[in-house]
Amino acid sequence: MAAVHDHDIAHAHDHHPSGMMRWLMTTNHKDIGSMYLWFSFIMFLTGGVMALTIRAELFQPGLQIVQPEFFNQLTTMHGLVMVFGAIMPAFVGFANWQIPMMIGAPDMAFARMNNWSFWLLPPAALLLISSFFVPGGAPAGGWTIYPPLSVQMGMGMDMAIFALHIMGASSIMGSINIITTILNMRAPGMTLMKMPLFVWTWLITAYLLVMVMPVLAGAVTMLLTDRNFGTNFFNAAGGGDPVMFQHIFWFFGHPEVYIMILPAFGIVSEIIPTFARKPLFGYSSMVYATASIAILSCIVWAHHMFTAGMPVTGQLFFMYATMLIAIPTGVKVFNWTATMWRGAMTFETPMLFAIGFIFLFTIGGFSGVVCAIVPIDIQVQDTYYVIAHFHYVLVSGALFAIFGGAYYWLPKWTGHMYDEKLGKLHFWMSMIFFNLTFFVQHFLGLAGMPRRIPDYALQFADFNMISSIGAFGFGLSQLIFLVVVLKCIRGGAKAPANPWEGSTTLEWTLPSPAPYHSFETPPVVR
């Protein structure tokens, strides 16, 4: 009996599903990481097509391409798809690929749950996108789905709520997995303060996710019962309060913004020391700054609501708390700059994206401080100034870091070097067209152009035309990235063990012994 049992076990271990079943049933963190990355790229292109439709409509005044109702559906779905379908899954893909390798773990802690947390996403995405095709169409109240608008919409809203629930469950499962893996599966000797910064940023991000995702679930569940079961949480006529939804939503929504940027900080903190050939400046201060940002992100939510009628003392608190976040963020920017200072820098594509990230993200940070000042925010609330601000943070911030990380680790993932010329072309096209698209929107906002409108006054025509041209340039530039990745997967120069001829960040994060360079004279780079 025992012999038969042993034979069965051996036979089970020999069995490797192939084709589609391999991907459906895989528990390998690398496979799951790859699926997350491909899924996020598909969603990125989907959200991008929506954005280009919006910009095509805004190319000139008047209604050209879409009806106002459909325009509002596009703005709503663009936000939901980009946040929950593109940026977040991309960072989870990086986490799956890199964290086990960076901490010396054989795989993620809960391998089957890892598979499950990915496979929740495609049905959720399908549910979200298919809301376009039901009576009443997709939700059209902005990605923040504020009532009372969101209470009055058709069944597309219910589909979106269900999709958000499923994506939230996926995020929570992924986060539990990441926390357990990092805390329990580090190699001997890998203390917390020796972990690469990417691992640190994801540990902190995962805690944030576990904390705030259930809050979003609560908000959309209350919305669901208001819509379908006659409750009055947000219905003023029934004694509810629509502003309560804003508080609950933004208690999730503001930490969510940092959930989308902290892993980006981690990626940039891996790239810069490699290409500066220097240890990261101020490792422990970077860890503490990341933790501070996460904690502060939970007490600033109502800065999204300065025009919702809160008391002056409330406005003051949220104004000062928001400005406080600039301090740890500034620490990070100075540390990255100090890391590059007198380093033996080379400018391969990952480094270009990292430097582009620091430069443009800082602009987004400054416009954020501007929005934190209550009297100014009351003027620019719901204008294109806010649009420009958060795209500087989330496109040139999160997205540029994702591109940088992809180029940085592609040789590791595929065994081949990517096409450096095409990579640099992708960077410069993205950089130029991104600024063309979003920089002028600051001026539109300051001049008073409201967001989420399909038509506008003649005075805004020129800047809108520039913005739309930039958007199409930026969108088409992303196809270069697709070509680079496909070429890299199919072949190319074989990647050496250390493709960047720099020190791996793992060595640099060790507090002792000191690196053999004093860096008074930068090392010669071949």
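Predicted model: local features only at pLDDT ≥ 70, side-chain atom pairs only at ≥ 80, totals over all residues.
**Entry 1, α9 with α12.** I looked up how helix α9 (residues 197-228) sits against helix α12 (residues 283-297), and found the axes 10 Å apart at an angle of about 15°. Since angles under 35 degrees count as roughly parallel, I noted α9 as roughly parallel to α12. The crossing of this pair, α9 and α12, is right-handed. From α9 the contact is made by Leu197, Trp200, Thr201, Ile204 and Leu208, and from α12 by Tyr283, Met286, Val287, Thr290, Ala291, Ala294 and Ser297. Sorting the contact of α9 with α12 by class, I recorded nine nonpolar residues, three polar ones and no charged ones.

I then turned to helix α11 (residues 262-276), whose axis comes within 8 Å of that of α9, the two crossing at roughly 175°. The pair α9 and α11 is therefore roughly antiparallel. On the α9 side I listed Leu197, Phe198, Thr201, Trp202, Ile204, Thr205 and Leu208, and on the α11 side Leu262, Pro263, Phe265, Gly266, Ile267, Ser269 and Glu270. The contact of α9 with α11 divides into nine nonpolar, four polar and one charged residue.

For Phe94, leaving aside neighbours within four places in sequence, I wrote down contacts with Leu37, Ile99, Phe198, Ile267, Ile402, Gly405, Ala406, Trp409 and Trp413.

Definitions and conventions. Residues numbered from 1 in each chain as written. Heavy atoms only, no water. Axes fitted to C-alpha atoms, helices over the stretch in contact; angles between N-to-C directions. Helix = DSSP H or I, 4+ residues; strand = E, 2+ residues; numbered from the N terminus. Parallel < 35°, antiparallel > 145°, perpendicular 65-115°, else oblique. Left-handed = near helix turned anticlockwise from the far one by under 90°. Contact = heavy atoms within 4.5 Å. Nonpolar A, V, L, I, M, F, W, Y, C, P; charged D, E, K, R; others polar.
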